[in-house]
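Hello,

Here is the structure we talked about handing over. Please load it first; my notes follow below.

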Amino acid sequence: MAMTSTARVQALQTGSTADSQELSKQLASRELVFGIVGHVGSGTSKVGENLADVLARQEFEGKKYQCTIVKAREVIEEWACRHGEAVPADSNRLVVDVEKLQDLGDKMRATGDLAAVARGAVLKVRERRAELQEETVEEDQPVVPDGNPRAYIIDSIRHPAEVQLLRKVYGDAFVLIGVVCEKNARRSRISKKYRDAGAEAAEAFMDRDAKARENYGQHVSDAFHLADFFIDNTAARFIEDDPSQPNPAWDINDHLLRLIRVVTHEHIERPTIDETAMYAAGGAAMRSACLSRQVGAAILDKEGNIVATGANEVPKAGGGVYGEQFGDGHFDDRCYVHKRYCSNTKEQTSIAEEILGELEGSLRDDVDKAKLVAKLKSGRIGELLEFSRAVHAEMDAVLDAGRKGSSTVGCRLYVTTFPCHYCARHIVSAGIDEVQFIEPYPKSKAFDLHSDSILNDRSRPWTPPSEGGSQVLFRPFTGVAPRMYRRAFQKDRSLKDKNTGEIAVSSPEWGSPYDISKTSYADFEVTLTREFE
């Protein structure tokens, strides 16, 4: 008979004569939790299914992974039934039915918990673990993992609060996969899948999914850039003219297999040049003290050498930005030091108040002017960029290269946030060939203003400007994200036989960086110290 969770906890807390290292390894749950996030039409469900298939063929210490897909849709539908809400019978045919599911998800989050859907997913994970271990779920008792390798795949994440909760619960064992897909491809898939998805309906559907006006609505664009690993699902699985033939450009399974190898560390996987470059950009972003957001950029030459890095920061006389000097006592006039406010936000408010003043005689006496100013700022006024004191990260990197005397012609630029239209024009002028980015930036008008010199459709033939082409390629980054880089590639085990020198990948001495403990750190303290004296 299988050991119960209560007995398992007691066994873990009993302690033994094992040393600290062995006790630590005994606490590893050997469970992984994956989340899938992607804009509507990107194919998150298919990626989740393929991940389960790829994982199920892998072994961990001689045992196959047990995989479970947890559907956010099922969590929402069960919540709706418990609360007497109507659930659409079939949401796979009409956009209006999917919108009803969106409404239900909004209602869950509107109760005061923005991570409510993820909370329901956690319950599903507990229930599934108990089922696999042939146990019953007791409301106030943990279902302690029995040590068998398992993976839970949550399809799909629609709000950043869900990501934060799952990271709090599962720590580094939670891996978020961001599914990249070009907008035109997503629009086409939506139109083909749903009978009522005309051009206008599809666009509205996509906008609501990406960033709803309400805080409790879907905010996929905000959750997407929190991913640990990005894959591109733009290519169709099958050749359009012959649906029976697989498309050789569709390589999702290859990338999922690499992710698993990165996570399990059972094979030697090293970072790509793109991943290292984006990690450098992510590190540069940490230097920024901007009150709005941290952005980092890195420029690589054709040989893959880092030419320059940059962060969005206030410029200083003599070159560069504040915060780059050695030692203490340097004058620092960044916004958080002396001004204590964001100049761009303050100027936006001033413009809104000025417009309100010009309309003073046309407004009713009962109008709430503070709310009206806030409403004005939520529109186009809130998209104004030019009153920030900071040099943007891309510009800081380009200027850094210039001060060093390094040419940017033919280089690639990696930036954590999509370039604004101000930076885009300078990137083109600097002779950059290609730009890769993670976070979208809806305020940017780069494509609207510079469609002649910027290309974002990778299905079209492209020649780099340094080789005679006429457009700079802007494309989403794929691979290991900066937030996951260290635990993905830091050596944590021996890779060779000490006697022969031949490759021999061993188990990590103190457990994997993705291990999550079966018990709390407070329980582990008891286990460690009970017999210490």
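Start with serine 156, which sits in the loop between strand 5 (150-155) and helix 7 (160-170). Helices (H or I, at least four residues) and strands (E, at least two) are DSSP runs, numbered from the N terminus. A cis peptide bond joins aspartate 155 to serine 156, with omega about 0 degrees.

Some ground rules. This is a predicted model, so local features need pLDDT of at least 70 and side-chain atom pairs count only at pLDDT 80 or more, while totals for chains, interfaces and linings use all residues. Residues are numbered from 1 along each chain as its sequence is written, and side-chain values use heavy atoms, with hydrogens and water left out.

Cavity

On a 1 Å grid over the protein atoms alone, a cavity is a set of points where a 1.4 Å probe fits but cannot get out; a pocket is an open set with protein on both sides within 12 Å along at least five of seven lines; lining residues have an atom within 4 Å of a point. Grid points are joined across faces, edges and corners, and a volume is the space filled by probe spheres set on the points. The search of the whole structure finds one cavity of 30 Å³ or more. The largest cavity holds about 30 Å³ of space. Helix 6 (residues 116-132) gives the largest share of its lining, three residues. By type, the lining has six nonpolar residues, one polar and one charged. Here Ala, Val, Leu, Ile, Met, Phe, Trp, Tyr, Cys and Pro count as nonpolar, Asp, Glu, Lys and Arg as charged, and the others, Gly among them, as polar.

Second largest pocket

The second largest pocket has about 1200 Å³ of space. It is lined by 32 residues, and the closest to its centre are Lys183, Arg186, Pro440, Tyr441 and Phe447. Elements that give two or more residues to this lining include helix 8 (183-193), helix 9 (199-210), strand 6 (174-180) and strand 13 (434-439). The lining divides into 16 nonpolar, five polar and eleven charged residues.

Helix packing

Helix 8 and helix 9 also pack against each other, at an angle of about 120 degrees and with axes 10 Å apart. Axes are lines fitted to C-alpha atoms, for helices over the stretch in contact, and angles run from 0 to 180 degrees between N-to-C directions. Helix 8 and helix 9 are therefore oblique to each other. Angles under 35 degrees count as roughly parallel, over 145 as roughly antiparallel, 65 to 115 as roughly perpendicular and the rest as oblique. Their crossing is right-handed. A crossing is left-handed if the near helix is turned anticlockwise from the far one by less than a right angle, and right-handed if clockwise. Lys183, Arg186, Arg187, Ile190 and Ser191 of helix 8 meet Ala202, Glu203, Phe205 and Met206 of helix 9. Contact means heavy atoms within 4.5 Å. These contact residues are four nonpolar, one polar and four charged.

Helix 4 (residues 72-82) packs on helix 5 (residues 95-110) at about 70 degrees, with axes 10 Å apart. The two are therefore roughly perpendicular. Among the contact residues are Ile76 and Trp79 of helix 4 and Leu101 and Leu104 of helix 5. The contact has seven nonpolar residues, one polar and three charged.

Helix 12 (residues 273-285) and helix 19 (residues 482-489) have axes that come within 8 Å and cross at roughly 120 degrees. Helix 12 passes helix 19 in a left-handed crossing. Glu275, Thr276, Met278, Tyr279 and Gly282 of helix 12 touch Pro482, Tyr485 and Phe489 of helix 19. Five of these residues are nonpolar, two polar and one charged.

Two loop residues

Glutamate 134 lies in the loop between helix 6 and strand 5. It has a positive phi of about 55 degrees, although it is not a glycine.

Aspartate 301 is in the loop between strand 10 (296-300) and strand 11 (306-311). Leaving aside neighbours within four places in sequence, aspartate 301 contacts Val307 and Cys411.

Best wishes
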